[in-house]
Structures are given as structure tokens and as C-alpha cells.
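Hi everyone, thanks for coming. Today I'd like to walk you through one protein, going from single residues to the whole chain and back. Please have a look at the picture first.

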Amino acid sequence: MSVVADLDARLAARRAGPLVRRRATLATPQGVHVVVDGEALVSFASNDYLGLAADPRLVAAASAAAHAWGTGAGASHLLSGHQSPHAGLERALATFCPPCAGAAAVTFATGYLANLGILCALGDRDTVVFADRFNHACLNDGALLARARLVRYAHNDADALAARLASTPARTRIIATDAVFSMDGDEAPLAALLALADEYDAWLVVDDAHGIGVLGDGRGSVAAAGLASPRIVSMVTFGKALGAAGAGVVAHPSVIDAIVQFARPYIYTTAAPAMLAATVAASLDIVRDDAPRRARLAANIARFRSAVGCLPGSPLALGASRTAIQPLVVGDSDAALALSRSLRERGFYVPAIRPPTVPSGTARLRVSLSAAHADADIDGLAAALAASIAAERAA
Ligand SMILES: Cc1ncc(COP(=O)(O)O)c(C=O)c1O
């Protein structure tokens, strides 16, 4: 069999099952009202939690920075791609969300790369990465790239982690966790994890992709938990609540220097454009001052939970999330897809999330709320859910 025929056979098998993945194309900017593959829909599908992804102030900042700095960084940070806006954003991040006194920061083109970079800088063959089972894939991939051993512990179970730490010898230990879990919306017990990091002399890597901008007055999950330690390495992304793209690592200056010295995912890639760094800096200014936007998001989350929590006859259970990520677990992948399709026919865009992104048997609708949703959008979604469930029962 030729390589192409072999690949085509694998693709045919994927297409025949419920796990086939398809990209929808938006003909509009990201927002609540989008056009998806030609259909006008109300979206509950993005991570644009504060509604900043197409904010005119950020568009103006990006456009001014493009005029000042051009569109390309032209080289990696270590060659000639590190420009004043990158350095300015590093300083702004270190001040905005420091996980310890005297923190420093470094930026990456994506959060995926940032997590790889952290684990490659801190870990090696003599390292064990202790990872929550529900962590985002890139923390696991970082452990692989660092050639570290990956030991997973039961979701949010500090006792299970303690047992693993006690029984696993290692020269370097890294505890790695999402702060807000991307498919469940619940939060890691950061204080308990830091206590274990202290006890076992471990790093605590906190992936705050979904907390930055939203929790802790916008400063993220570490600030919300009131924690500070040179052991904490905080990864914050710019592509979700901050409405742009890229990521930053904020940590003790030695960690940041180790990333610059040792992390292949930092060293061997072109820097994100300076215009992007300037845009993110503008977003931090908005996020720092815009408490009403966060209050609006909190009100939307409460409205959704109360509307969906009391849908008559609904088999969908609300999770323990108090964040913008509100999963409705359906179980079966085909059933989750059918519910997502039914909502779409009623004008709402809520993607189904299936294995392997979530554990098998827990396919779900991932409802993602934004400060930009109006009350009517949320009430409309609850009504559409009720109608879809009733139609499914009647079928
Ligand atoms: C928890 C978590 N970490 C990291 C990432 C990766 O960030 P980025 O999209 O900037 O690569 C994501 C989302 O994509 C995420 O949900």
C-alpha cells in the first residue's frame, strides 16, 4: 500500500465514526453574532470571555503598532526579533500578574509553545512531571519534549497527588495543572498544590489560559487564590479573555532566564510580531481597569446557570464550574453531536466536544459565556435547549 493509500484508509476510518473533526469557517470577526459556514448564529463557542477580540480600541492599537513596527518580527527573539514592544509587554506582565516578589516575564507566540517551553526549561530525563488528568494536552506534550517522566493524578485530588509525590523518586519534581480546566470550567486547588510543592521541593506550573483577565480582578487564578511563591510558574495566554494571541510566562527571574537559555520552543522559532505585543499591552490596560466587564460576565454566568439548572425534564447536569466555561455533559458522542446540530438549527452555535479531548463517555456541549452576551442571548439558548431536548424525547 502506498503511503497516501495508507493515510486515506486511516482517514476513512475516522470519517466513518463519531470522532471526525471538521472546521467551521466564520465569515465574521469573533463575537456573539457570527456567520458560520453561511449561517447567522448566536455563538457560545469562543474563549473571548470579555468580548475584546474585535474591540475597536484593540484594533486601533494593532493598527497603530503595525504602522510603527511593521507586520513581522523577522527573526527569533535571540537573533534580532526581540523589539521594544516585546520588552515592554514583558515588563507589563511582570507587574500585572506576578506569582512572586520580583517576578519577570517572557512571551511566546502561543500558549501551546509556552507550556512546552516551561517544561523544557525546568525538566530533563531526571524529572517527573506530576500532571492532573484533565490538564490541557500541551502540558503533557511539554513533558514528552523535555523527556521527563509523566505521572498523572486524579483530577483535582491533592491526596492522590501527595501519594504519587511520596512514592516517586526524582531529582526534579514539577507539579503541572490547569488553573481553570478548559473543558470543565472548574478550578484547581492551587493552595493545596502549593503546600505540596513546598513539602516536596517541587515547581508548581499553573496554566492560567482561562483565568487571566477574568479571575482575581483580571490578574488571574494565582492572584485570586492570594498565593505568592518563587516556585510558581504562571502561564497566561493572550488569545482568550485578552482578545489577541500568544502567551506569557511570569515567574522568578531565574525561571525566565532558564527559558531563554534552554527552552527549544523559545529559541528555535520566530518571535510573534511586535504589533501583537503592543496590542496585548493595550488589552492589559483595558482589563486592569474594566471591572464592570467582569461583573457583566459574572452576571451572565449566573443567568445561564439558573436558566439551565431548572430546564424541565433535562438530562443535562450543570458542572461545578463558576467560570465562563459551562459544560453540559451528554455522554455519548453521537448524542452530543445531535444536540449541537439541533441547537444550530435553532440559531445557536455550541460545539460538541468529544474524546479524546474529553474522557470517553463524557462527550459534552461546551457552553462558553462572554461579557458581550445579552440577557436575551442566554435566555434564547436556554429555550433552544429545552426545545431540542423535548424534540429528542418526542422522536
Ligand atoms: C488550558 C489551556 N492551555 C493552553 C492552551 C493553548 O493556548 P494557545 O491557544 O495560546 O496555544 C489552551 C487553549 O488553546 C488551553 O485551553
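**A walk through the model**

Let's start at H210, which sits in the loop between β7 (203-207) and α9 (221-224). Keep in mind that what you see is a predicted model. Is H210 buried or exposed? Its relative accessible area is 8%, so H210 is buried; the cut-off for that word is under 20%. Which residues does H210 touch, if we skip those up to four places away in sequence? They are N47, Y49, V180, S182, K240, I325 and R366. With Y49 there is also a polar contact, side chain to side chain, at 2.6 Å.

Now let's step back and look at the whole protein. You can count 15 helices and 14 strands in it. The C-alpha trace spans about 60 × 55 × 55 Å along its principal axes. For 395 residues, a compact globule would have a radius of gyration near 21 Å, and the protein agrees because it has 21 Å. Of those 395 residues, 50% count as buried.

How do parts of the chain meet? If we take contacts between residues at least 6 apart in sequence, 70% of them join residues at least 24 apart. What about charge? There are 34 positive and 34 negative side chains, and the centres of the two sets lie 4 Å apart.

Back to single residues, then. T168 is in the loop between α7 (158-167) and β6 (172-178). T168 has a relative accessibility of 5%, so it counts as buried. Beyond its neighbours within four places in sequence, T168 is in contact with V128, F130, R149, V151 and R173. A polar atom of the T168 side chain also lies 2.5 Å from the backbone oxygen of R164.

Here is a pair of distances to think about. T168 and G213 are 45 residues apart in sequence, and their C-alpha atoms are 36 Å apart in space. G309 and A382 are 73 residues apart along the chain, yet 9.5 Å separates their C-alpha atoms. G309 itself belongs to helix α13, and it is exposed because its relative accessible area is 54%. Leaving out residues up to four places away in sequence, G309 touches F304 and L318.

D290 is found between α12 (274-289) and α13 (291-309). D290 counts as buried because its relative accessibility is 18%. The side chains of D290 and R293 are joined by a polar contact of 2.7 Å.

Last stop: the backbone. Most residues other than glycine have a negative phi, and most peptide bonds are trans. Where do we find something else? R147 has a positive phi, near 65 degrees, and lies in the loop between α6 (137-145) and β5 (149-153). D201 has a positive phi too, near 50 degrees, and is in the loop between α8 (190-199) and β7. R147 is exposed, with a relative accessible area of 54%, and D201 counts as exposed at 56%. Finally, the peptide bond from P355 to P356 is cis, with omega near 5 degrees. P356 is in the loop between β13 (352-353) and β14 (363-368).

Conventions
Residues numbered from 1 in each chain as written. Predicted model: local features only at pLDDT ≥ 70, side-chain atom pairs only at ≥ 80, totals over all residues. Heavy atoms only, no water. Helix = DSSP H or I, 4+ residues; strand = E, 2+ residues; numbered from the N terminus. Buried < 20%, exposed > 50% of the residue type's maximum accessible area, 1.4 Å probe, protein only. Polar contact = N/O pair within 3.5 Å; in protein donor to acceptor, adjacent residues only side chain to side chain. Rg over C-alpha atoms; globule rule 2.2 N^0.38 Å. Contact = heavy atoms within 4.5 Å. Lys, Arg positive; Asp, Glu negative; His and termini not counted. Charge placed at Lys NZ, Arg CZ, Asp CG, Glu CD.
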